[in-house]
Amino acid sequence: MALLTPVTDDDGAPFWEYAARGELRVQACAAPDCGELRFPPRPCCPHCRSFDSEWRLMSGRGRIWSYVLPHPPLLPDYAELAPYNAVLVELAENPRIRLVGNVVAAPDAPLNSVDPARLRIGAAVKVAFTETDGVTVPRWLLERG
């Protein structure tokens, strides 16, 4: 089965390098009077227009901001995994920073390992990492059973 994997670019490459180390880091403006987090990564701060940046370690905690259960799956390789979820998680450090992923029962569990009835907007999640086709990707685990 060939699931989609991320395509890295120069701006986002550090995100994936940190993920491979098991760290969830987000780009932030390094200008002394700004410091705003930004995602997706980009060369210039949209708040102060500085080109100075750093990668800050996040707690790995957040909440489900939104989710979908694709019916039917649009890509053939995902059909046997249905029903599975795709979530948008807002990070605890800054709810404006939202990452796409899947809620799974364990880091290496299949995408359909969590009963869709357990998903709720606002549910607390924490990040977990797994390697997929040579790329380490963040996934999400429900914080409470």
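The questions and answers below explain how terms are applied to this predicted model.

Author: Residues are numbered from 1 along each chain as its sequence is written. In this predicted model local features need pLDDT of at least 70, side-chain atom pairs count only at pLDDT 80 or more, totals for chains, interfaces and linings use all residues, and side-chain values use heavy atoms, with hydrogens and water left out.

Reader: Why is R25 called buried?
Author: Buried means under 20% relative accessible area, exposed over 50%, and partly exposed in between (1.4 Å probe, protein chains only). R25 has a relative accessible area of 18%, so R25 is buried.

Reader: What makes E23 count as partly exposed?
Author: Its relative accessibility is 22%.

Reader: What does the salt bridge of E36 with R96 tie together?
Author: The closest N and O atoms of E36 and R96 are 2.7 Å apart. E36 lies in the loop between strand 1 and strand 2, and R96 in strand 6, so the pair ties together parts that are 60 residues apart in sequence. E36 has 27% relative accessibility and counts as partly exposed.

Reader: What makes E143 and R61 a salt bridge?
Author: Their closest N and O atoms are 2.9 Å apart, and the limit is 4 Å, so the pair qualifies. E143 lies in the segment after strand 8 and R61 in strand 4 (residues 61-68), so the link ties together parts that are 82 residues apart in sequence. E143, at 29% relative accessibility, is partly exposed. R61 is partly exposed too, with a relative accessible area of 39%.

Reader: What makes a run of residues a strand or a helix?
Author: Both are DSSP runs, numbered from the N terminus: helices are H or I, at least four residues, and strands are E, at least two.

Reader: How many bridges join strand 4 to strand 5?
Author: There are 6, and the two strands run antiparallel. G62 stands opposite L91 in strand 5. Strand 5 also pairs with strand 6 in the antiparallel sense, over 5 bridges. A hairpin of 2 residues joins strand 5 to strand 6. Across that pair, E90 stands opposite R98 in strand 6.

Reader: What makes a set of residues a nonpolar core?
Author: A core is a set of buried Ala, Val, Leu, Ile, Met, Phe, Trp, Tyr and Cys residues joined through side-chain atoms within 4.5 Å. The largest has 24 residues; L24, I64, L91, V103, V125, W140 and L142 touch the most other members. Helix 1 (13-20) and strand 7 (124-132) are among the elements that each supply at least two of its residues. Apart from it lies another core, of 9 residues, among them L3 and L81.

Reader: What class of residue is D133, buried or exposed?
Author: D133 has a relative accessible area of 55%, and the cut-off for exposed is over 50%, so D133 is exposed. D133 lies in the loop between strand 7 and strand 8. Its phi is near 50°, a positive value in a residue other than glycine.

Reader: Where is R49, and why is R49 called exposed?
Author: R49 lies in the loop between strand 2 and strand 3. Its relative accessible area is 67%, so R49 is exposed.

Definitions and conventions
Salt bridge = Lys/Arg side-chain N within 4 Å of Asp/Glu carboxyl O. Pairing = 2+ DSSP bridges.
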